[in-house]
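Please read through this structure with the text below beside it.

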Amino acid sequence: MPVEITWWGHATCTVEDSGVRLLTDPLFARRLAHLRRRRGAAPPPEAALADAALVSHLHADHLHVPSLGRLAAGTRVLVPRGAARAVPGLRRLGHLRLTEVAPGDVTRVGDLVVRAVPARHDGRRLPLGPHRAPALGYVVEGEGRTYFAGDTGLFEAMAEEVGPVDVALLPVGGWGPYLGEGHLDAGRAAEALVRLLPGSAVPVHYGTYWPIGMDAVRPHEFHAPGPEFMRLARERAPEVAVHLLGHGESVRPEVAR
């Protein structure tokens with residue numbers, strides 16, 4: 001079965017490979033604290049169908065306990081090591097199979113091998129809380145090799161740590177008018193393409209959530225990151241095919257055999 005990527009919005013994607021369905025950073029809420037879903041309908045119920053979920057870090061827009069609670073009983077959930085201690089709500093999800101992982105750990109899900117890789121990001125649950133769990137990316141290996149970056153900035157060993165991949169799911173924006181350290185904007189995501197040189201890329205983590213009452217504040221930071229990433233990718237890494245998806249849209253990128 002070909003690799004298929006579906007983008008549900010923000011950092012939430014379904015990755016289907018070798019008959020296995022993985023879900024990245026599930027976030028199904030219409031509203032989260034001061035954020036509301038400004039574009040695209042909330043994902044349909046079938047978006048929660050997965051053999052396993054991959055959680056990149058502890059921020060509430062990536063590790064969202066109510067969204068994880070919608071997963072079926074027995075679903076495997078990979079979380080950064082230390083997550084259960086840092087996020088007490090995870091302990092209430094007794095119907096799920098939590099597995100804590102750190103960079104370098106390898107987990108088999110069906111016919112897939114999932115490898116946790118480092119990310120350059122502040123992964124604390126709260127802005128002033130202790131550092132109890134690392135921020136992660138994941139490389140999924142099956143018929144293809146798919147890199148889900150989670151939230152990350154550029155870092156020196158990115159290409160070495162991630163390794164060769166066919167598809168890169170890269171964050172290109174955020175949920176507010178300014179991006180802090182440890183994030184990729186469109187330009188830095190294009191630089192990541194130069195370093196990684198995947199066959200294909202899908203921009204994520206933009207154009208979904210925005211602070212309530214701030215629709216008129218730097219609106220280009222909401223709308224523009226995806227198209228800007230595509231433009232810059234054509235200039236800097238023209239050999240990479242960029243797939244600009246709408247919410248709920250899917251693509252079957254070519255993978256090396």
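**From one bridge to the whole chain**

T6 has S250 as its bridge partner in strand 17. The model is predicted, so local features need pLDDT of at least 70 and side-chain atom pairs count only at pLDDT 80 or more, while totals for chains, interfaces and linings use all residues. Residues are numbered from 1 along each chain as its sequence is written, and side-chain values use heavy atoms, with hydrogens and water left out. Strands (E, at least two residues) and helices (H or I, at least four residues) are DSSP runs, numbered from the N terminus.

Strand 17 covers residues 250-251 and pairs with strand 1 in the antiparallel sense, over two bridges. Two strands count as paired if DSSP finds at least two bridges between them. Strand 1 is also joined to strand 2 (residues 12-17), by five bridges, and these two strands run antiparallel. In strand 2, T14 stands opposite T6, and E16 stands opposite E4. The two strands form a hairpin with two residues between them, and H10 in the turn has a positive phi of about 50°. Strands of a sheet pair through backbone hydrogen bonds, either parallel or antiparallel.

These pairings belong to an open sheet of seven strands in the order 8-7-6-3-2-1-17, with mixed pairing. Strand 8 (97-101) and strand 17 are the edge strands, each pairing on one side only. How much of strand 1 is covered? Six of its six residues are buried, where buried means under 20% relative accessible area, exposed over 50%, and partly exposed in between (1.4 Å probe, protein chains only).

The next topic is the aromatic rings. A search of the whole structure finds two aromatic pairs. In the definition used, rings of Phe, Tyr and Trp (its six-membered ring) pair if their centres lie within 6.5 Å; planes under 30 degrees apart count as stacked, over 60 as edge-to-face, and the rest as tilted. W7 and Y206 form a stacked pair, at 5.4 Å centre to centre with 15° between the planes. This pair links distant parts of the chain, since W7 is in strand 1 (residues 4-9) and Y206 is in the loop between strand 14 (200-204) and strand 15 (209-211), 199 residues apart. W7 is buried, with a relative accessible area of 1%, and Y206 is buried as well, at 5%.

W210 and F222 make up an edge-to-face pair, because their ring centres are 5.5 Å apart and their planes stand at 75°. W210 is in strand 15 and F222 is in helix 5 (residues 220-223), 12 residues apart. W210 counts as buried at 0% relative accessibility, and F222 is buried at 1%. F222 also has R38 over its face, at 4.5 Å from the ring centre. A charge sits over a ring if NZ of Lys or CZ of Arg is within 6 Å of the ring centre and within 35 degrees of the ring normal.

Seven strands form it in the order 9-10-11-12-13-14-16, and the pairing is mixed. Strand 9 (106-109) and strand 16 (241-242) stand at the edges with a single partner strand each, so one side of each is left without a neighbour in the sheet. Strand 9 is joined to strand 10 (residues 112-118) by four bridges, and the two run antiparallel. The bridge partner of T107 in strand 10 is V114.

S200 is placed in strand 14 and is buried, with a relative accessible area of 3%. Which residues does S200 contact, leaving aside its neighbours within four places in sequence? Among them are D166, V167, A168, V240 and H243; contact means heavy atoms within 4.5 Å. Helix 4 (residues 186-196) lies across strand 12 (145-148), strand 13 (167-171), strand 14 and strand 16, and runs at about 155° to strand 13. For this angle, axes are lines fitted to C-alpha atoms, for helices over the stretch in contact, and angles run from 0 to 180 degrees between N-to-C directions.

Last comes the chain as a whole. The chain has six helices and 17 strands. Its radius of gyration is 17 Å, close to the 18 Å that the globule rule gives for 257 residues, so the chain is as compact as a globular protein of that length. The radius is taken over C-alpha atoms, and the rule is 2.2 Å times the number of residues to the power 0.38. Buried residues make up 56% of the 257 residues.
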